[in-house]
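Biologist: I am new to this structure and would like a close look at one part, the nonpolar core. Please also say how the rest of the chain is arranged around that topic.

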Amino acid sequence: KKALLQVLWDHSVTTAFAAQKIAAQVGVDEEQAFLGGLLHDCGKVLVLTCVDKLEADGFEFTPTRDLLLELMAGLHCQLGCHLLTSWNIPSELADVARDHQTRIPEASDLLLCVQAANLITRKLGFHLTPDPNLALTERPIIEDLGLDDMTLATLMIDMEDHLEEMKQLF
């Protein structure tokens, strides 16, 4: 689980950074975008915490990595929204946690920034289920935000550099 938490942390920080950079490009509040990226997968951490609690309480439940990934995939959006709402985090950010994996026709620009950042981090490998073959320019979210190939390439280089800088700090 420690390895999963490290991947989640790298993913969250990288998504936050990317969402902030995208927000600057499209005129969205950069701090909100950073927080949205940082918190969008908080439900996954909650799932891992609950599994740890079950084990600590003596339940004989030692899920495989695949089962943990399946539990996180199925539960994290609603759990994340609920968690953020219970912490009195602004509803716009709770909505990002709930909707970041859903294509919504009238999505807020904040949500689009986090969704695009999430895709980019997945392509770069900073994700629980990386996909280096992901064709970003074919994704409607990228088109909705007006991000071109040059902007995406620059952003991905900046993200890799930023994560390396963050790793040096910790």
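Modeller: What follows begins with the whole chain and then turns to the core. This is a predicted model, in which local features need pLDDT of at least 70, side-chain atom pairs count only at pLDDT 80 or more, and totals for chains, interfaces and linings use all residues. Residues are numbered from 1 along each chain as its sequence is written, and side-chain values use heavy atoms, with hydrogens and water left out.

The protein chain has 8 helices and 0 strands, where helices (H or I, at least four residues) and strands (E, at least two) are DSSP runs numbered from the N terminus. Along its principal axes the C-alpha trace spans about 50 × 30 × 30 Å. Of the 170 residues, 42% are buried, a word that stands for under 20% relative accessible area, with exposed over 50% and partly exposed in between (1.4 Å probe, protein chains only).

Now to the core itself. A nonpolar core is a set of buried Ala, Val, Leu, Ile, Met, Phe, Trp, Tyr and Cys residues joined through side-chain atoms within 4.5 Å, and the largest one here has 29 residues, with Ile22, Ile120, Leu136 and Leu145 having the most contacts inside it. At least two residues of this core come from each of helix 1 (2-26), helix 5 (91-99), helix 6 (109-124), helix 7 (140-145) and helix 8 (149-169), and helix 6 gives the most, with 9 residues. Apart from this core lies another, of 9 residues, including Leu8, Leu48, Val51 and Leu69.

Leu136 shows what such a position looks like in detail: leaving aside neighbours within four places in sequence, Leu136 is in contact (heavy atoms within 4.5 Å) with Leu119, Ile120, Lys123, Ile142, Leu152 and Met156. Helix 5, for its part, has Leu93, Ala94, Val96, Ala97 and Asp99 as its buried residues, and these pack against helix 2 (30-39), helix 4 (65-86) and helix 6.

Finally, helix 1 also holds Ser12, which is buried with a relative accessible area of 9%. Not counting residues up to four places away in sequence, Ser12 touches Gly37 and Leu38.
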